[in-house]
Amino acid sequence: MNILVRIKRYDPERDAKPYWDEFRVDVEPIDRLLDTLNTIKWTMDGTLTYRRSCAHGVCGSDAMRINGRNRLACKVLMRDVGKKVTIEPMLGYSVIKDLVIDMDRFFDKYRSIKPYLITHDNEPGTERLQSPEQRAIYDEGTKCILCGACTGSCPSIWGNPDWVGPASIVNAHRFIFDSRDQGGAERLNLLSNKDGVWRCRTIFNCADACPRNIPVTDLIEQVKRAIVYGGPEEA
Amino acid sequence: MWSWLFHRISGLGILLFLFIHIVDVSMLSFGPDVYNQSVTLFDYWIVRLLSLSLVVAVLYHAFNGVRIMAIDFWRKGSRYQRAMFGAVLVLTLVVFIPVAYIIMLPALHWLTQMPHSTAGH
C-alpha cells in the first residue's frame, strides 16, 4: 500500500525553523514504521536523521511522536497508522536534528534520583535475598527502557522543563520499593521538593505513551503516597 | 488527558464567575434598589445559558475532583481512572438535566404561556 509520510524536519545548520517534509512510500501492512523511515533514508533522502539501534523495542532509541502520540517507531505497524502518517520529534525536548532530540537533561534527571542500589549495612557475604512477593512489588518499574516517551508526553514537562518527569520517578520507584535497598528515605526526600512528584497532575498521558505498558501514573501515585505516609506501603 | 484539560478549563471558568459574583454581591453596598436592579441581569436568556455552562463547570469540577482524590488516595484508583472518568461524565449529565430545566424554564415561558414579566429580556 502507498502511504503519505509527513515528517517534521529541522537542520539547525540550514533551516531557520522546522518545516514539514512529505514522502510517498510503498509499504507492506506488516512493515514497521521504522522500516518505512529506513526506506526513506536509504532510497529517497539520505539526510533524514533519526535514532535507532536494536529495532526490536528493547533499546528505546526510536521514540518519536507518531500521529500525535509518543511511540517507538520499531513497534508501530504500518497497517495501524492509516493512509497518512505524521511523524515529529517528541515534545518537551530540544531538537538536535530532524527526529533526534537532546536527551542530556532527561538523563541528568534520571541520575538525580540515584537509580542504583544504596545500602548502609555491612555486605551480607552471600546474595541479598528477596522473596518473589517482594520482587513483584517493584516489577513494573524494572521494565523501563529509558526511551523518554512518557516524559515527552507529559504536559507538566512541556510547561516546566525543570520537572524531574515520569521516567525518573518510575526508576526511583524501582529502588524505593525494593526490599534490599536502603536509600528510600533519601529518594523520597529528593522527590518531595517542588520539582519532585507533586507536579504530576494525573493526566495519564505517560501511561498511554509507555511502549512497555508500565502503569507510569500508578507508580508515581505510589511514590506520592510513600512520601505522605512516610515510607512505601505494603502492596 | 481530556479529564485534566476539562478540569483546568472548568476551574478557570468558575474563577471567572467568582469575579462576576463579587461584583454583583457588592452591589448590595449601594442599597437594595441597586442590587435588585443589577441581579435582573441574570434573567436574560443569554445569561441563563451562561449560568448553564457554570453549572456544567461546577458539576464536572466537583465530580472530577473526587475522582482525582480517589486516584491519589485509593490504591486501585489509577487502575480504574478511565471508568471513573466515565462515571464523572454520566453524573455530570444526570445532575445537569434537572438543574438546566429549573434554570431555563422561566426563560422558555414565552414558548408555552402568556408573556412573562421579564419577556422583554
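Start with C144(A): its sulfur lies 6.3 Å from the closest cysteine sulfur, the one in C150(A), which is too far for a bond. A disulfide needs the two sulfur atoms within 2.5 Å. Keep in mind throughout that this is a predicted model.

**The two cysteines**

Stay on C144(A) and show its surface. With 23% relative accessibility, C144(A) counts as partly exposed. Now select C150(A), which takes part in no disulfide, the sulfur of C144(A) being the nearest cysteine sulfur at 6.3 Å. C150(A) counts as buried, because its relative accessibility is 10% and the cut-off for buried is under 20%. Over all chains, the count of disulfides is zero.

**Chain A as a whole**

Zoom out and select chain A. Its C-alpha trace spans about 60 × 35 × 30 Å along the principal axes. A cartoon view shows nine helices and seven strands in chain A. The chain has 235 residues, and 50% of them count as buried. Turn next to how the sequence folds back on itself. Taking the contacts in chain A between residues at least 6 apart in sequence, 64% join residues at least 24 apart.

**Two domains**

Colour residues 2-101 of chain A as domain 1 and residues 104-229 as domain 2. The centres of these two domains, taken over C-alpha atoms, are 29 Å apart. Where they touch, domain 1 of chain A contributes 14 residues to the contact and domain 2 of chain A contributes 15 residues.

How much area is buried between domain 1 of chain A and domain 2 of chain A? The figure is about 1100 Å², and carbon and sulfur atoms give 52% of it. Select N70(A), L91(A) and Y93(A) to see where much of the domain 1 side comes from: these residues supply 37% of the area that domain 1 of chain A buries against domain 2 of chain A, more than any other three residues.

Next, look for charged pairs between the domains. Two salt bridges cross the interface of domain 1 of chain A and domain 2 of chain A. Select R71(A) and D208(A), which form a salt bridge whose closest N and O atoms are 3.6 Å apart.

**Chain A against chain B**

Bring chain B into view. The contact between the chains takes 14 residues from chain A and twelve residues from chain B. Between them, chain A and chain B bury about 1200 Å², with 50% of that area on carbon and sulfur atoms. On the chain A side, select I203(A), F204(A) and R225(A), which supply 39% of the area that chain A buries against chain B, more than any other three residues.

How many salt bridges cross the interface of chain A and chain B? The count there is zero. Polar contacts are found, however: four residue pairs between chain A and chain B, both residues of each pair being at pLDDT 80 or more. For the last stop, select helix α9 of chain A, residues 216-229. This helix gives the most to the side of chain A that touches chain B, with five residues.

Methods:
Residues numbered from 1 in each chain as written. Chains lettered and ligands numbered in written order. Predicted model: local features only at pLDDT ≥ 70, side-chain atom pairs only at ≥ 80, totals over all residues. Heavy atoms only, no water. Buried < 20%, exposed > 50% of the residue type's maximum accessible area, 1.4 Å probe, protein only. Domains from an automatic or database assignment. Contact = heavy atoms within 4.5 Å. Buried area = accessible area lost by both parts, 1.4 Å probe. Salt bridge = Lys/Arg side-chain N within 4 Å of Asp/Glu carboxyl O. Polar contact = N/O pair within 3.5 Å; in protein donor to acceptor, adjacent residues only side chain to side chain. Helix = DSSP H or I, 4+ residues; strand = E, 2+ residues; numbered from the N terminus.
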